Protein chains: 2
Amino acid sequence: MLLCDIGNTSYHFLDGELSFKKSVASFNPYKMKETIYYISVNQKVSNELKDLANWINLADYIDMKFYYDTMGIDRIVASLTVENGIIIDAGSAITVDVVKNGRFEGGFIYPGVVAMQKSYENISPALAYSFNFDLSLNKLPKNSQDAISYGYLKTLYSEVVSHKMPIILTGGDAKLFKKIFKDAKVDEELIFKGMQKIIRNFDI
Amino acid sequence: MLLCDIGNTSYHFLDGELSFKKSVASFNPYKMKETIYYISVNQKVSNELKDLANWINLADYIDMKFYYDTMGIDRIVASLTVENGIIIDAGSAITVDVVKNGRFEGGFIYPGVVAMQKSYENISPALAYSFNFDLSLNKLPKNSQDAISYGYLKTLYSEVVSHKMPIILTGGDAKLFKKIFKDAKVDEELIFKGMQKIIRNFDI
């Protein structure tokens, strides 16, 4: 079974145990002949795939009344895999979603590492540091690099832990954020697991 | 007595009760003949003012061993006014500084409203919303505008209130952030008060 999670920059495939990526800019979906179960947050790619019978959009099986219209399908699918927990998907944006008793309770969006670093840099060249993921969260900073690192990471941490729920980390920067959320479970294949669950539940 | 707080874009004067701003780009400090007590985070302006005998730099009276080298003088001076509290200076950057028993404990830097909005916008045009300062902090969002507003504001809120200290708001966006920090005291002249304190203490 071939699964595909389509983002703004890449097609992320899972073929059994094998996971690989193709660039949205260069990959041609017409070439694929097998059945592919996909989700996509990329509107342009979604429009192209509509006409291809072997590309099955799993978003069509989601009951949207539990979510909201502009919510990314990747967040929805990830939230299907958790009964009780707070899911942090750390990519170009960081989405944080709470699931209680299998039900999506709401969530928020925080800038990813690159976007936030640019944000500090744009305020002043004096703030153009990379983030220190090894900083102590229990000590108020007394140097500039830690002052912005704490501003980015500890604020997110304080909010996330206030929910007192198990934390699940996924996305390209999951391992990096594990340094901050030390008790979190890292699961880089959360979205594929959600997709497999839809396929099972609807016997697709 | 004429006081002046110099930032990256403006000279902010206080003349008795009267406060006014002049643009860094167009104002000529050589024109001023009276004595001016100033602080400056603007390195270029600081260098110019060194040669002018009537411009008195109050930074020269600060004992830096309680602070750190790259810390903005405005944060230092604001922290002089508080015995126990957490100071939020909301401008192009948001600085958050903790003072306990009159001593600076450390602090962090968070992006200001404009910088953070650009950050979301750069991630995706789908996140190009202005922030909703009237959002409920007790409810996880279920729409995109609140999802980014919560990401920006509630994370900061959770961290700040975790310190369980009186909150003092200053800076150009102080009144806006009062909507989030409802129990905070707004004091837009905190830095001038700190400058007056230095002048009194050192009998300048």
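Which strand order does the open sheet of 5 strands in chain A have? I read it as β8-β7-β6-β9-β10, with mixed pairing. Two strands pair if DSSP finds at least two bridges between them; strands (E, at least two residues) and helices (H or I, at least four) are DSSP runs numbered from the N terminus.

The model is predicted: local features need pLDDT of at least 70, side-chain atom pairs pLDDT 80 or more, while totals for chains, interfaces and linings use all residues. Residues are numbered from 1 along each chain as its sequence is written, chains are lettered from A and ligands numbered from 1 in the order written, and side-chain values use heavy atoms, without hydrogens and water.

**Sheet.** I looked up the pairing of β6 (residues 85-90) and β7 (residues 93-100) of chain A, which is antiparallel over 6 bridges. A:I87 stands opposite A:D97 in β7(A).

**Rings.** I counted 32 aromatic pairs over all chains, taking Phe, Tyr and Trp (its six-membered ring) with centres within 6.5 Å; planes under 30 degrees apart are stacked, over 60 edge-to-face, the rest tilted. A:F13 and A:F27 are edge-to-face, because their centres are 5.6 Å apart and their planes at 70°. A:F13 lies in strand β2 (residues 10-15) and A:F27 in the loop between β3 (18-23) and β4 (36-40) of chain A, so the pair ties together parts 14 residues apart in sequence. I noted A:F13 as buried at 0% relative accessibility and A:F27 as buried at 13%; buried means under 20% relative accessible area (1.4 Å probe, protein chains only).

Terms used:
Buried means under 20% relative accessible area, exposed over 50%, partly exposed in between (1.4 Å probe, protein chains only).
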